[in-house]
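Could you walk me through how this chain is put together?

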Amino acid sequence: MPPLHVLLATYNGARYLPEQLDSLVSQREAAWSLLWRDDGSTDGTPALLEAFARRTGRAAEAVTPPGRAGAMGSFMRLLAAAPEGGHYAFCDQDDVWLPGKLARAQAALAEMPEARPALYCSRQQLVDAALRPTGLSPLPRRPLGFRNALVQNVVTGCTLVLNDAARRLVLAAPPPPPGTMHDWWCYLLVSGAGGAMRFDPEPGLLYRQHGANAVGTQPSLLRRGLAAFTRGPERFLAVFSGHLERLRPAAPLLTAEARETLALVAPLLTLPRRERLRRLRRAGLYRQGAAEDAVLRVWLLMPPGMAAPASLPGISPPGGAGSR
């Protein structure tokens, strides 16, 4: 198997980090090395990481530009700092990985051509702060693809593993816009470039929901749709517009089909409602559940003045690297 680089972003994670590091040591049939970036922790996180490096001999601090970067920025800097060649697994500070997580990811990626960008992700066992099970993350009902990625992220970063071709693709593209996350940006680029994607229905980790997550999840597609409706359209439309803006200069990296879809939806929020409806039908954008799809249609067909998020700044998730 190619070398496996685990990319860990941390920020004030001393409370849960030891369990995550122990679960990394417990990985079976996976020859991993750990590269970490701390985002300015004021608790014992750096000391824990340094002790782990001395104990295992398989971990090192990444050499990255100084200063706070947030979760997305930290993971993107880690991806750039990682050695060339191999597989790249993103790691949050507050989960617990199941013993076969990395081996399953590498086995799936090994079935895909090395020269083609490839992405692996999986379901999660949802747990509370004390690791008590609360349910499973929902399975996708529809295929992963660019038309889904434009309006929804189904790739949870703590399960995401890229091959080297996908890493090169992501680093060749413009940086992700403010307000999004590294996992969504990877999903957009790999799907848009015609890459291979594998969603593993078997949970690979205990996904801790502890109240300080910058991004959480819901155990069903219906509840996810209701949660989206409750949040309102502003954040989604700001991120949607930011993605479209950054994808335009990345067009040479995308397939002809993805470029055609991008051209259809790029001006969407500025068009009359009838033209928006026509373009939406042609573009075939979709979310995974019926409730989520209904919310999407309402938001994208609102009157132009209500839908346009031009006055909204990029909305960064709360907390630093490692929180969701």
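Trp32 and Phe52 are both buried, where buried means under 20% relative accessible area, exposed over 50% and partly exposed in between, with a 1.4 Å probe and protein chains only. Before going further, please keep in mind that this is a predicted model, in which local features need pLDDT of at least 70 and side-chain atom pairs count only at pLDDT 80 or more, while totals for chains, interfaces and linings use all residues. Residues are numbered from 1 along each chain as its sequence is written, and side-chain values use heavy atoms, with hydrogens and water left out.

Back to the rings. Rings of Phe, Tyr and Trp (for Trp, its six-membered ring) pair if their centres lie within 6.5 Å; planes under 30 degrees apart count as stacked, over 60 as edge-to-face and the rest as tilted. By this rule there are four aromatic pairs. Trp32 and Phe52 make a stacked one, at 6.3 Å centre to centre with 10° between the planes. This pair joins distant parts of the chain, with Trp32 in strand β2 and Phe52 in helix α2, 20 residues apart. Helices (H or I, at least four residues) and strands (E, at least two) are DSSP runs, numbered from the N terminus.

Phe75 and Phe90, in turn, form an edge-to-face pair, 5.5 Å centre to centre and with 90° between the planes. Here too distant parts of the chain are linked: Phe75 belongs to helix α3 (residues 70-81) and Phe90 to strand β4, 15 residues apart. Phe75 counts as buried because its relative accessible area is 1%, and Phe90 is buried with a value of 0%. Elsewhere, ring pairs link Phe236, Phe240 and Trp299 into a cluster.

The charged end of Arg58 sits over the Trp32 ring, 3.8 Å from its centre. The term applies if NZ of Lys or CZ of Arg is within 6 Å of the ring centre and within 35 degrees of the ring normal. Lys101 does likewise with Trp97: its charged end sits over that ring, 4.0 Å from the centre.

Now to the strands. β1 and β2 pair in the parallel sense over seven bridges; two strands pair if DSSP finds at least two bridges between them. Within this pairing, Leu7 has Leu35 of β2 as its bridge partner. How much of β1 is covered? Seven of its seven residues are buried. On one side these are Leu4, Val6, Leu8 and Thr10, and on the other His5, Leu7 and Ala9.

Another set of four strands forms an open sheet with mixed pairing, in the order β5-β11-β7-β8. Its edges are β5 (96-97) and β8 (133-136), each of which pairs on one side only. Strand β7 (residues 125-127) pairs with strand β11 (residues 205-208) in the parallel sense over three bridges, and Val127 stands opposite Arg208 in β11.

Helix α1 (residues 17-25) has Leu17, Gln20, Leu21, Ser23 and Leu24 as its buried residues. They lie on the same side of α1 because they cover an arc of only 160° around the axis, the arc being that of the directions from the helix axis to the C-beta atoms. What do these buried residues pack against? Their partners are β1 (4-10), β2 (32-38), α2 (45-56), β4 (87-91), β5 and α4 (101-110), with contact meaning heavy atoms within 4.5 Å.

Two loop residues deserve a look at their backbone. Most residues other than glycine have a negative phi. Asn12, in the loop between β1 and α1, has a positive phi near 45°. Asn12 is partly exposed, with a relative accessible area of 30%. Leu131, in the loop between β7 and β8, also has a positive phi, of about 70°. Leu131 is partly exposed at 23%.

Finally, the cores. A nonpolar core is a set of buried Ala, Val, Leu, Ile, Met, Phe, Trp, Tyr and Cys residues joined through side-chain atoms within 4.5 Å. The largest has 60 residues, and Leu150 and Leu300 have the most contacts inside it. Helix α7 (residues 182-192) supplies the largest share of this core, seven residues. Apart from it lies another core of 30 residues, including Leu4, Leu24, Leu34 and Leu126. Leaving aside residues up to four places away in sequence, Leu300 touches Phe236, Leu237, Phe240, Leu268, Leu269, Arg276 and Leu280.
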